[in-house]
Structure formats: structure tokens, C-alpha cells
Amino acid sequence: MPVQDQEPATNQNGQQPEQPGAQKEQQNQPQNGKQDGVKPDVKQDDKQDGKQDGKQDGKQDDKQDKDKKDDAEKKPIDPATKRKRILIGIVVGIVVLIAGIAWWLYSRTYESTDDAQIDGHLNPIASRVAGTVKAVYVENDQPVKAGMALVDLDPRDYEVQVEQARALYQQAVAQLGAQNPNLPITQTSNRSTVDTDSSTVVNAEAAIASAQYDYDSNVAKLRQAEANNRKSQSDLIRYKQLVDKHEIALSDYDQYLANAGSEQAAVEASRAAAASSLKVVDERRAQLQQQQTKLQEDTLNAPRQVAIRQANNQSSAANAASAKAQLDAALLNLSYCHIFAPVDGIASQRAAEVGGRISVGQQLVVIVQTENIWATADFKETQLRKMHVGQRATIEVDTLDESFEGEVQYMPAATGDRTSLFPPEDATGNYVKVVQRLPVRISFKPNQRDLNRLRPGMSIEATVHLDKK
């Protein structure tokens with residue numbers, strides 16, 4: 001749209017005075033379509049006129065704002081106002097500086113991290129025996145109490161094993177009962193045998209003495225017979241001379257001859273008896289030696305036989321104990337067919353189904369303990385300089401939008417990368433220093449509101465107040 005030409009007014013010096021906003025007023029005056037005798041085009045599109053008017057109005061508004069700004073800059077500032085502004089700026093700067101220092105000092109009194117979560121014990125309940133699931137008594141997310149029945153297995157196979165083990169145990173006990181009397185019997189028999197052998201030795205010694213006496217008697221008789229024989233032989237010689245002189249009767253000589261023969265025979269008999277008695281003495285001595293050997297043997301073997309009996313009894317007792325252990329194992333396996341909850345908590349990850357065949361060690365359900373829980377906060381290693389056990393902590397739980405009080409219970413043993421399945425190997429030459437994180441265990445203080453609503457795995461923000469308990 002054409003702009004109307006107007007002759008500017010001049011002052012007495014022939015110069016155009018500064019009239020802020022004059023141009024704007026001229027532009028804002030309504031145009032009647034007659035400028036410098038030029039008639040506007042009445043056939044121009046109304047839509048195009050509206051757009052051009054809007055653009056021109058916007059340009060005029062921007063120019064007015066610029067003119068006002070220029071006027072404000074050209075207007076002199078009051079010194080009092082300037083001093084007031086400087087004073088306000090100084091005060092604001094001091095306040096900001098004090099606030100920054102206060103914030104810096106306060107930030108040194110705590111360490112916080114959002115790399116934290118609630119932890120708790122997850123107790124996997126597994127079967128200790130193989131079998132077939134007979135009944136399941138829990139569902140996922142169901143609260144359970146310690147001692148509550150969880151799963152039952154078919155017990156019939158283990159009942160048969162119990163009966164077999166009980167029969168073997170009774171048999172072993174019976175054998176032990178039969179072996180136990182043998183020990184006193186053996187001890188009594190050994191004592192009797194040793195006593196008998198001792199008596200036999202004494203008798204043998206007495207027999208030797210008796211045989212020795214007989215031998216001595218026979219030797220004496222031999223000496224007597226020999227003496228009698230010598231006298232008879234002497235008499236026979238004298239009477240032979242008398243017979244030859246016919247001084248005695250022949251019958252008397254015959255009598256002396258018979259006596260001499262008899263005495264000679266008596267000597268031979270006494271000599272034989274003495275020799276026989278000597279043989280008896282030797283025999284008795286041999287018997288004594290035999291009895292003494294037997295006594296020594298029985299004396300030495302008596303404790304050995306007792307030890308054998310004791311060993312047999314101990315073996316029987318061990319067999320009975322082994323059978324008892326097998327019976328106890330069978331009873332334990334039977335009891336394992338009834339699976340109970342060991343702790344209070346909430347059932348989760350149920351895998352047992354009725355009729356399913358399970359193996360030893362197969363996990364059936366997991367119990368999440370909700371009473372014994374704690375917070376694990378993974379702090380950077382640079383945040384642990386002033387942190388120690390017993391410091392007060394604040395735990396903000398995202399799920400509940402609440403804060404809980406706690407304290408540092410344990411400091412970490414190692415960084416997370418050391419306990420990972422594949423720890424990094426810095427010796428490869430590709431070392432890049434990375435700030436490590438270490439898990440700090442924070443316990444909850446008891447008797448807090450909504451503490452029973454916390455669950456392992458919830459995200460939290462942990463703040464540890466340094467040097468405060």
C-alpha cells in the first residue's frame with residue numbers, strides 16, 4: 001500500500017524538531033484512499049489488504065518500542081537511583097554468595113545416591129528327595145508363616161524303604177544280642193581252662209616227684225638185692241668148698257645154690273625196676289613240660305579270645321548302628337515328602353504343580369522375607385571418605401513417596417566389578433580409569449510406619465549423614 005507524503009514542519013532555525021511518536025501517529029491516522037491525488041485501487045483484494053495492514057502495524061509497534069528505548073537511554077539517570085541500584089546489586093550478590101557457601105558447607109555433611117534399592121532374603125524352597133507332587137498349598141504372592149505346609153509328595157515309595165530299613169535294623173539288633181553273651185562265656189571258659197592247666201601242671205609236678213621217689217626206692221632195692229646177691233654168692237662159694245669136702249649135706253648146698261640164684265634174679269629185677277622208674281620219671285617230666293606249655297598257651301590266648309569276642313560284639317554293634325542310620329535316613333526321606341515353609345514371608349515363583357515329577361534339588365517355590373529387609377546403596381568410591389558404620393541415613397522410597405530412617409550397618413567388602421561374573425582385566429593395556437561403586441548396607445530402624453510395605457527390589461534414594469549417628 002502506498003505511503004502518504006507529508007511535508008515536515010520546521011522550527012524558526014529551519015530544522016525539523018524531534019517529535020517522538022509523530023511518525024507513529026501519522027501512520028496510525030486513518031487513510032481515506034486519497035494521497036497526493038492518487039486514487040487507490042478499489043479492485044485490490046480485501047484479503048491482501050488485511051495482511052499488509054497487519055505487517056505494517058507490527059513494524060510500527062516494533063519501531064515505537066525502539067523509540068521508547070532510545071528515549072529512556074537518552075534520559076539522564078538520577079544519582080540516588082543509581083546508588084540504590086548498586087546497593088541492591090551488592091546485597092543480592094552477598095546473599096547469593098552466603099547461600100552458595102552455606103549450600104557448599106551443607107553438601108559436605110551428607111552423601112547421597114539414587115543407585116540404590118531395597119534388598120531382602122529370598123529363600124528358594126527345593127525338594128530334598130525325588131518324587132511326584134501330590135498337593136500344593138500356596139499360590140504366588142500369598143503370605144506364608146513358618147511351619148506352613150507348602151507342597152506334599154507321594155510318600156508310598158519312602159514308606160516301603162522305611163519298613164525295609166526297620167527290618168534290617170531289628171535283625172542287626174538281634175545279632176548283637178546273640179553276640180553279647182559270648183564275651184562273658186569266653187572269659188569264664190578261659191579262666192576255667194587256665195585254672196585246669198595250672199592244676200594239671202601241679203599234678204604233673206607231683207607225678208614227677210612220685211616217680212622220682214619210686215625210682216629212688218627201686219634203686220635202693222637194687223642196692224639191697226646186689227648186697228644180698230653178693231652175700232649169697234659168697235656163701236655159695238664157701239658151701240661149695242664144704243660140699244667138696246663132704247662136710248655138709250648136698251641138700252644144704254642145693255639150698256644155698258637156689259638162694260644165690262634167687263638173689264641174682266632179685267638183683268636183675270631190682271635193676272629193671274629202677275630202670276623202669278627212671279623211665280617213668282622222664283615221662284612225668286615230659287608231661288609236666290607239655291602241661292606247662294599248654295598253660296602258657298592258654299594264658300596267652302585267653303585275652304586274645306576275649307579281644308576277638310569283643311571285636312565281634314563291636315562289629316555287631318556297628319552293624320546295628322549302621323542299620324539304625326539307614327532307618328533314620330529312610331525316615332528323613334519320608335519326612336522330606338512334606339515340605340514346609342522355614343520362614344515367614346510371601347510365596348513367589350511357584351513351580352510345583354500337582355502330578356509333576358520333580359528331582360532332588362529342584363526349586364518349587366521362593367519365599368520372600370518381608371520382615372528382615374535392608375537397603376543397598378551403591379556409592380561412588382569418592383563418596384566413602386567420611387562414611388563409616390553407625391552413621392544416620394535417610395531412605396526415600398519411590399513407590400511409597402515416603403522417607404525412612406536407618407543407619408549404616410556394614411561397609412562394602414569389594415567393588416561391584418570385582419564381584420561380577422566377568423571382572424575387567426586391566427592388564428590388557430586398554431586401561432581407562434573409571435570411578436567405581438561400592439555397595440553399602442543400610443538397615444532400617446524398627447517400628448516405623450509403612451515399614452511392612454517395603455519389598456526387595458524397590459528403587460530408593462539413600463542419603464548418609466556424615467559424622468552423625
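Analyst: A residue is called buried here when its relative accessible area is under 20%, exposed when that value is over 50%, and partly exposed in between. The model is a predicted one, and every value below is computed from it.

With that scale in hand, Asp450 counts as buried because its relative accessibility is 15%, which is under the 20% limit. The side chain of Asp450 meets that of Arg449 in a salt bridge, with 3.2 Å from N to O.

The structure holds 13 salt bridges, and another one of them joins Glu163 to Arg166, with the closest N and O atoms 3.3 Å apart. Both residues lie in helix α4, which spans residues 156–179, and because they are three residues apart there, about one helical turn separates them. Glu163 counts as partly exposed at 48% relative accessibility, and Arg166 likewise counts as partly exposed, at 28%.

For the surroundings, one may turn to a residue in a strand. His465 is placed in strand β12, which covers residues 459–465, and His465 is buried, with a relative accessible area of 12%. The side chain of His465 makes a polar contact of 3.0 Å with the side chain of Thr394. Leaving aside residues up to four places away in sequence, His465 touches Gln391, Arg392, Ala393 and Thr394, as well as Thr109 and Tyr110.

Elsewhere, four strands make up an open sheet with antiparallel pairing, in the order β5-β4-β2-β7. Its edge strands are β5 (338–340) and β7 (357–358), each of which pairs on one side only. Within this sheet, strand β2 (residues 131–136) pairs with strand β4 (residues 149–153) in the antiparallel sense over three bridges, and Val133 stands opposite Leu153 in β4.

Terms used. Residues numbered from 1 in each chain as written. Predicted model: local features only at pLDDT ≥ 70, side-chain atom pairs only at ≥ 80, totals over all residues. Heavy atoms only, no water. Helix = DSSP H or I, 4+ residues; strand = E, 2+ residues; numbered from the N terminus. Buried < 20%, exposed > 50% of the residue type's maximum accessible area, 1.4 Å probe, protein only. Polar contact = N/O pair within 3.5 Å; in protein donor to acceptor, adjacent residues only side chain to side chain. Contact = heavy atoms within 4.5 Å. Pairing = 2+ DSSP bridges. Salt bridge = Lys/Arg side-chain N within 4 Å of Asp/Glu carboxyl O.
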